[in-house]
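Please look over the sequence and the model together before reading on.

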Amino acid sequence: MVLVASMLAVGSANKDWQHGNYTGWGFNHGLNETKGPNKITVGGSENWRYGFDYKQWAWKNGPFYINDTLVFKYDPPNDTTRPHSVYLFQNPWSFMKCDLSQAKMVGKPTQGGGKGFEFVLKSWQPYYFACGEYNGLHCKDGLMRFAVFPMFRGWHY
(Lines give C-alpha, C1' and ligand atoms only; values in the text may rest on other atoms or scores of the structure.)
Protein backbone atom coordinates (compact mmCIF):
# COMPACT_ATOMS: atom_id res chain seq x y z
CA MET A 1 0.00 0.00 0.00
CA VAL A 2 2.81 2.42 0.92
CA LEU A 3 4.61 1.56 -2.32
CA VAL A 4 1.49 2.28 -4.40
CA ALA A 5 0.94 5.59 -2.58
CA SER A 6 4.57 6.52 -3.13
CA MET A 7 4.40 5.70 -6.84
CA LEU A 8 1.28 7.83 -7.21
CA ALA A 9 2.88 10.72 -5.34
CA VAL A 10 6.01 10.55 -7.49
CA GLY A 11 3.97 10.19 -10.65
CA SER A 12 1.91 13.22 -9.72
CA ALA A 13 4.96 15.36 -10.44
CA ASN A 14 4.09 14.44 -14.03
CA LYS A 15 0.93 16.51 -13.63
CA ASP A 16 -0.22 16.18 -17.24
CA TRP A 17 -1.76 12.82 -16.31
CA GLN A 18 -4.70 14.60 -14.70
CA HIS A 19 -5.37 16.48 -17.95
CA GLY A 20 -5.48 13.37 -20.13
CA ASN A 21 -1.90 13.60 -21.44
CA TYR A 22 -0.67 10.06 -20.84
CA THR A 23 2.75 10.94 -22.15
CA GLY A 24 4.52 8.19 -23.99
CA TRP A 25 1.79 5.61 -24.38
CA GLY A 26 0.49 6.93 -27.70
CA PHE A 27 -2.71 8.48 -26.35
CA ASN A 28 -1.68 12.13 -26.22
CA HIS A 29 -2.42 12.95 -29.85
CA GLY A 30 0.16 15.72 -30.05
CA LEU A 31 -0.56 17.37 -26.69
CA ASN A 32 3.05 16.97 -25.60
CA GLU A 33 5.26 19.16 -27.74
CA THR A 34 8.55 18.18 -26.06
CA LYS A 35 10.72 16.87 -28.90
CA GLY A 36 13.96 15.77 -27.24
CA PRO A 37 15.84 15.53 -23.98
CA ASN A 38 15.75 18.66 -21.86
CA LYS A 39 18.36 20.12 -19.52
CA ILE A 40 16.51 21.30 -16.42
CA THR A 41 18.10 23.37 -13.64
CA VAL A 42 16.78 22.04 -10.34
CA GLY A 43 15.06 24.91 -8.56
CA GLY A 44 15.21 27.14 -11.63
CA SER A 45 16.78 30.48 -10.73
CA GLU A 46 16.81 29.47 -7.04
CA ASN A 47 19.27 26.64 -7.81
CA TRP A 48 19.93 23.98 -5.11
CA ARG A 49 19.74 25.75 -1.75
CA TYR A 50 18.47 25.39 1.80
CA GLY A 51 14.89 26.54 2.44
CA PHE A 52 13.47 26.26 -1.10
CA ASP A 53 10.53 23.83 -1.55
CA TYR A 54 11.74 21.35 -4.18
CA LYS A 55 8.64 19.15 -3.96
CA GLN A 56 6.58 22.14 -5.15
CA TRP A 57 9.19 22.93 -7.79
CA ALA A 58 9.00 19.35 -9.15
CA TRP A 59 5.21 19.50 -9.19
CA LYS A 60 5.17 22.81 -11.09
CA ASN A 61 7.93 21.88 -13.55
CA GLY A 62 6.92 18.35 -14.49
CA PRO A 63 6.50 16.26 -16.43
CA PHE A 64 10.06 14.97 -16.67
CA TYR A 65 11.09 12.50 -19.34
CA ILE A 66 13.55 9.66 -19.77
CA ASN A 67 16.93 11.08 -20.89
CA ASP A 68 16.21 14.53 -19.47
CA THR A 69 19.16 15.92 -17.53
CA LEU A 70 18.70 17.49 -14.10
CA VAL A 71 21.32 20.15 -13.36
CA PHE A 72 22.05 20.80 -9.70
CA LYS A 73 23.75 24.17 -9.25
CA TYR A 74 25.16 25.09 -5.86
CA ASP A 75 28.16 27.01 -4.61
CA PRO A 76 31.17 25.02 -3.44
CA PRO A 77 31.62 25.24 0.33
CA ASN A 78 33.62 28.18 1.69
CA ASP A 79 33.72 30.33 4.82
CA THR A 80 30.32 31.90 4.10
CA THR A 81 28.51 29.15 2.15
CA ARG A 82 27.11 25.95 3.62
CA PRO A 83 28.01 22.82 1.66
CA HIS A 84 25.36 20.99 -0.37
CA SER A 85 25.38 17.61 -2.05
CA VAL A 86 23.03 15.38 -4.03
CA TYR A 87 21.99 11.96 -2.75
CA LEU A 88 19.93 9.38 -4.57
CA PHE A 89 17.72 7.20 -2.37
CA GLN A 90 17.00 3.59 -3.26
CA ASN A 91 13.46 3.46 -1.89
CA PRO A 92 10.61 5.74 -0.79
CA TRP A 93 10.92 4.78 2.88
CA SER A 94 14.49 5.99 3.30
CA PHE A 95 13.58 9.08 1.25
CA MET A 96 10.60 9.94 3.47
CA LYS A 97 12.76 9.55 6.60
CA CYS A 98 15.81 11.27 5.04
CA ASP A 99 17.74 8.12 6.04
CA LEU A 100 21.08 8.48 4.28
CA SER A 101 22.34 5.03 5.33
CA GLN A 102 20.87 3.46 2.17
CA ALA A 103 21.33 6.47 -0.12
CA LYS A 104 24.19 7.03 -2.55
CA MET A 105 26.00 10.35 -2.96
CA VAL A 106 25.84 11.19 -6.66
CA GLY A 107 26.89 14.85 -6.41
CA LYS A 108 29.71 15.90 -4.08
CA PRO A 109 29.78 19.31 -2.34
CA THR A 110 32.43 20.54 -4.79
CA GLN A 111 30.54 19.50 -7.97
CA GLY A 112 27.72 22.07 -8.04
CA GLY A 113 29.74 25.13 -9.04
CA GLY A 114 30.05 26.55 -12.55
CA LYS A 115 27.72 24.70 -14.91
CA GLY A 116 26.57 22.46 -12.07
CA PHE A 117 26.34 18.74 -11.45
CA GLU A 118 24.33 16.87 -14.09
CA PHE A 119 22.23 13.76 -13.55
CA VAL A 120 20.52 11.98 -16.47
CA LEU A 121 17.17 10.29 -15.86
CA LYS A 122 18.05 7.11 -17.76
CA SER A 123 15.16 4.78 -16.91
CA TRP A 124 11.46 4.56 -16.29
CA GLN A 125 11.63 4.44 -12.48
CA PRO A 126 11.16 6.78 -9.54
CA TYR A 127 14.17 8.89 -8.58
CA TYR A 128 14.40 10.23 -5.03
CA PHE A 129 16.85 13.13 -4.55
CA ALA A 130 17.94 15.04 -1.44
CA CYS A 131 20.78 17.03 0.02
CA GLY A 132 22.67 14.90 2.52
CA GLU A 133 24.62 17.59 4.31
CA TYR A 134 24.56 17.99 8.09
CA ASN A 135 23.52 14.35 8.52
CA GLY A 136 20.29 14.86 6.56
CA LEU A 137 19.24 18.14 8.18
CA HIS A 138 19.00 19.87 4.78
CA CYS A 139 16.69 17.06 3.66
CA LYS A 140 14.56 17.00 6.83
CA ASP A 141 14.29 20.68 7.74
CA GLY A 142 15.58 22.52 4.68
CA LEU A 143 13.08 21.15 2.13
CA MET A 144 15.98 19.98 -0.06
CA ARG A 145 14.34 16.84 -1.40
CA PHE A 146 12.08 15.86 -4.25
CA ALA A 147 11.11 12.86 -6.36
CA VAL A 148 10.46 12.46 -10.07
CA PHE A 149 9.21 9.60 -12.20
CA PRO A 150 10.33 10.26 -15.78
CA MET A 151 7.89 9.34 -18.50
CA PHE A 152 8.40 8.08 -22.03
CA ARG A 153 8.26 10.82 -24.65
CA GLY A 154 5.00 10.97 -26.55
CA TRP A 155 4.63 10.24 -30.20
CA HIS A 156 3.95 13.38 -32.22
CA TYR A 157 1.36 13.46 -34.94
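Which residues line the second largest pocket? In this predicted model, the lining is made up of Glu46, Asn47, Trp48, Arg49, Tyr50, Lys73, Tyr74, Asp75, Thr81, Arg82 and His84. The pocket has a volume of about 160 Å³, and the residues of its lining divide into three nonpolar, three polar and five charged.

Two of the lining residues, Glu46 and Arg49, also form a salt bridge with one another, in which the closest N and O atoms are 2.7 Å apart. Glu46 is partly exposed, with a relative accessible area of 33%, and Arg49 is likewise partly exposed, its relative accessible area being 32%.

The search of the whole structure finds three salt bridges, and another of them is the one in which the side chains of Glu118 and Lys39 meet, at 3.0 Å from N to O. Because Glu118 lies in strand S5 (residues 117-120) and Lys39 in strand S1 (residues 39-41), this pair ties together parts that are 79 residues apart in sequence. With a relative accessible area of 39%, Glu118 is partly exposed, whereas Lys39, at 59% relative accessibility, counts as exposed.

There is also a salt bridge between Asp68 and Arg153, where the closest N and O atoms are 2.4 Å apart. This pair links distant parts of the chain, 85 residues apart, with Asp68 in the loop between helix H2 (54-61) and strand S2 (69-72) and Arg153 in the segment after strand S7 (145-148). Asp68 and Arg153 are both buried.

We turn now to the cysteines. A search of the whole structure finds one disulfide, and this bond joins Cys98 to Cys139, with an S to S distance of 2.0 Å. The link of Cys98 and Cys139 is left-handed, with -75° about the S-S bond. Cys98 lies in the loop between helix H3 (92-97) and strand S4 (104-107), while Cys139 lies in helix H4 (residues 137-140), so the pair ties together parts that are 41 residues apart in sequence. Both Cys98 and Cys139 are buried.

Cys131, by contrast, is in no disulfide, and the nearest cysteine sulfur, which belongs to Cys139, is 8.3 Å away. Since a disulfide calls for a pair of cysteine sulfur atoms within 2.5 Å, that distance of 8.3 Å leaves Cys131 without such a bond. Is Cys131 buried or exposed? At 0% relative accessibility, Cys131 counts as buried.

Definitions and conventions:
Residues numbered from 1 in each chain as written. Predicted model: local features only at pLDDT ≥ 70, side-chain atom pairs only at ≥ 80, totals over all residues. Heavy atoms only, no water. 1 Å grid on protein atoms, 1.4 Å probe; cavity = no way out; pocket = protein on both sides within 12 Å on 5 of 7 lines; lining within 4 Å. Points joined across faces, edges and corners; volume = space filled by probe spheres on them. Nonpolar A, V, L, I, M, F, W, Y, C, P; charged D, E, K, R; others polar. Salt bridge = Lys/Arg side-chain N within 4 Å of Asp/Glu carboxyl O. Helix = DSSP H or I, 4+ residues; strand = E, 2+ residues; numbered from the N terminus. Buried < 20%, exposed > 50% of the residue type's maximum accessible area, 1.4 Å probe, protein only.
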